[in-house]
Amino acid sequence: MAAPAKRGRPGPRRALTEDEILDAALSLLDEGGAAAASVRGIAARVGVAPNAVYTYFPDKAAVVKGLVERLLGEVDHDVFVDRGQPWRLRVESLALELRRRLSAHPGAVPLMIGGPMDGPHALALNERLLELLADAELDPADAARAAYLLIVYVFGSIALEVAAHHQPGPLPPESERIATRQRAFAATPAGHYPRTAAAAATLAGYISTEQYLWGLHRVLDSITTKLV
């Protein structure tokens, strides 16, 4: 009778880092949107059991917070910290930098606005924005209110732009997305929606950089308007 085969000793436990887990989560978001980045999906991507992920992050919310911090940490502060530049130009540079960074990972945008942004990178960004608004001669209270208004505008605009795409994965070029919207508005029954039909070209451009900056400039105008 043959001797029973000896069971081999288990191999070494797979070592992970927080960065590897965040890399996996971000790639899943990029490929399949928010629904794809489950803890089970992240574990499968890095080749471990789901429990191993919990060693580094207690739950999915912690993974999301880590992703938010990573993305905000990639924002290039050099584009808006030069206090020798006009404050409005610096706000515009910050708004365009945030749009560029977040549009590169559209699947992460809904998650970013779905929870508090209170990590070190988020706080550092807010501190810079408050400094910027102080240079616009706003008092501390008005600077804080204005900072919140700008954050709502910037992140809200990016979220709506991403939502208009309706599909997971990277955003197509801006011109292609505008053309898709133009075709959709061209099919709007003018008899039922005459004002919409007349404004179709402008409505199609809601997701454009031009519209983004138009709205930003109106917000900045309101910030510096003295209320009587």
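With a relative accessibility of 2%, Arg90 counts as buried, since the cut-off for that is under 20%. Keep in mind that this is a predicted model. Here's a quick tour of Arg90, which sits in helix H5, and then of helix H4, which spans residues 60-73.

**Around Arg90**

- Leaving aside residues up to four places away in sequence, Arg90 touches Phe80, Val81, Asp82, Arg83, Gln85, Glu131, Leu132 and Asp135.
- Asp135 is also a side-chain partner: a polar contact of 3.0 Å joins it to Arg90.
- Asp82 contributes its backbone oxygen, which lies 3.4 Å from a polar atom of the Arg90 side chain.
- Ala143 is 53 residues from Arg90 along the chain, and their C-alpha atoms are separated by 15 Å.

**Helix H4 itself**

- H4 has 14 residues and reaches 20 Å from its first C-alpha to its last, close to the 20 Å expected.
- Because 10 of its 14 residues are buried, H4 is largely enclosed by the rest of the structure.
- Among those buried residues are Gly66, Glu69 and Arg70.

**What H4 packs against**

- The buried residues of H4 pack against several helices, including H1, H2, H5 and H8.
- H7 is another of these partners; its axis and that of H4 come within 8 Å and cross at roughly 40°.
- That angle makes H4 oblique to H7, and the crossing is left-handed.
- Where they meet, H4 supplies Glu69, Leu72 and Gly73, while H7 supplies Pro120, His121, Ala122 and Leu125.

Technical notes. Residues are numbered from 1 along each chain as its sequence is written. This is a predicted model: local features need pLDDT of at least 70, side-chain atom pairs count only at pLDDT 80 or more; totals for chains, interfaces and linings use all residues. Side-chain values use heavy atoms; hydrogens and water are left out. Helices (H or I, at least four residues) and strands (E, at least two) are DSSP runs, numbered from the N terminus. The expected span of a helix is 1.5 Å times one less than its number of residues. Buried means under 20% relative accessible area, exposed over 50%, partly exposed in between (1.4 Å probe, protein chains only). Contact means heavy atoms within 4.5 Å. Axes are lines fitted to C-alpha atoms, for helices over the stretch in contact, and angles run from 0 to 180 degrees between N-to-C directions. Angles under 35 degrees count as roughly parallel, over 145 as roughly antiparallel, 65 to 115 as roughly perpendicular and the rest as oblique. A crossing is left-handed if the near helix is turned anticlockwise from the far one by less than a right angle, and right-handed if clockwise. A polar contact is a pair of N or O atoms within 3.5 Å; within protein, one must be able to donate a hydrogen and the other to accept it, and residues adjacent in sequence count only if both atoms are side-chain atoms.
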